[in-house]
Amino acid sequence: MLDMLLIMGSGKLTVGLAMVVLAVASCEPGERRFGEILAGVTVIPVRALIGDAASHAGKKVQLEGRIVDVCPVSGCWFVLEDSGAAVLVDLKENASWTLPHRVKGMPAVVQGVVRLRDGEPVLAGRGVELR
């Protein structure tokens, strides 16, 4: 490609190199936000959600923790853990996005609606922000 730019002339070479530099400078190591922007919802501890799942059912909540597992096939679910308590976050219900496998082990804030499956809380994820 550099050969092609040299043939085009020095003015175009300068513009071409500037475009390459700008493209590289704007590259990020990866997305930090997925889905809805997190706002207006109080963060509750994962343990509080598990301890009183029925009172949170159908409500939008935010949880903080570490992503300890991600769906190995398509990233359509993950497990969020905090202080020994863990909850499944299902992205299939509300999300038109998935999480990449690279987020495993990363701290995150997650927003979604609490659903009960066999009496256990599952978060229908709507937004994730990596910390």
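**Strands, turns and buried residues**

Visitor: Which residue takes a positive phi in the hairpin of β3 and β4, which has 6 residues between the strands?
Guide: In the hairpin of β3 and β4, with its 6 residues between the strands, G75 takes a positive phi near 75°. Please keep in mind that this is a predicted model, in which local features need pLDDT of at least 70 and side-chain atom pairs count only at pLDDT 80 or more, while totals for chains, interfaces and linings use all residues. Residues are numbered from 1 along each chain as its sequence is written, and side-chain values use heavy atoms, with hydrogens and water left out.

Visitor: What makes β3 and β4 paired strands?
Guide: A strand is a DSSP run of E with at least two residues, numbered from the N terminus, and two strands pair if DSSP finds at least two bridges between them.

Visitor: How many bridges join β4 to β5?
Guide: There are 6 bridges between β4 and β5, which run antiparallel, and D82 stands opposite A85 in β5. The hairpin of these two has 2 residues between the strands, and S83 takes a positive phi near 50° there.

Visitor: Why is F34 called buried?
Guide: Buried means under 20% relative accessible area, exposed means over 50%, and partly exposed lies in between, with a 1.4 Å probe and protein chains only. F34, which lies in strand β1 (residues 33–35), has 6% relative accessibility and therefore counts as buried. Leaving aside its neighbours within four places in sequence, F34 is in contact (heavy atoms within 4.5 Å) with residues including W97, L99, R126 and V128.

Visitor: Why does D90 count as buried?
Guide: D90, in strand β5 (residues 85–90), has a relative accessibility of 7%, and so it counts as buried.

Visitor: What makes the 2.5 Å link between the side chains of D90 and R117 a polar contact?
Guide: A polar contact is a pair of N or O atoms within 3.5 Å; within protein, one must be able to donate a hydrogen and the other to accept it, and residues adjacent in sequence count only if both atoms are side-chain atoms. The side chains of D90 and R117 are joined at 2.5 Å, so the distance falls within that limit. The side chain of D90 also reaches the backbone nitrogen of K92 at 2.9 Å.

Visitor: Which residue in β7 is the bridge partner of D90?
Guide: The bridge partner of D90 in β7 is A124, and β5 and β7 run parallel, joined by 3 bridges. With strand β6 (residues 107–117), β7 pairs in the antiparallel sense over 10 bridges, and R117 has E120 as its bridge partner in β7. The hairpin of β6 and β7 has 2 residues between them, and D118 in the turn has a positive phi of about 55°.

Key
Helix = DSSP H or I, 4+ residues; strand = E, 2+ residues; numbered from the N terminus.
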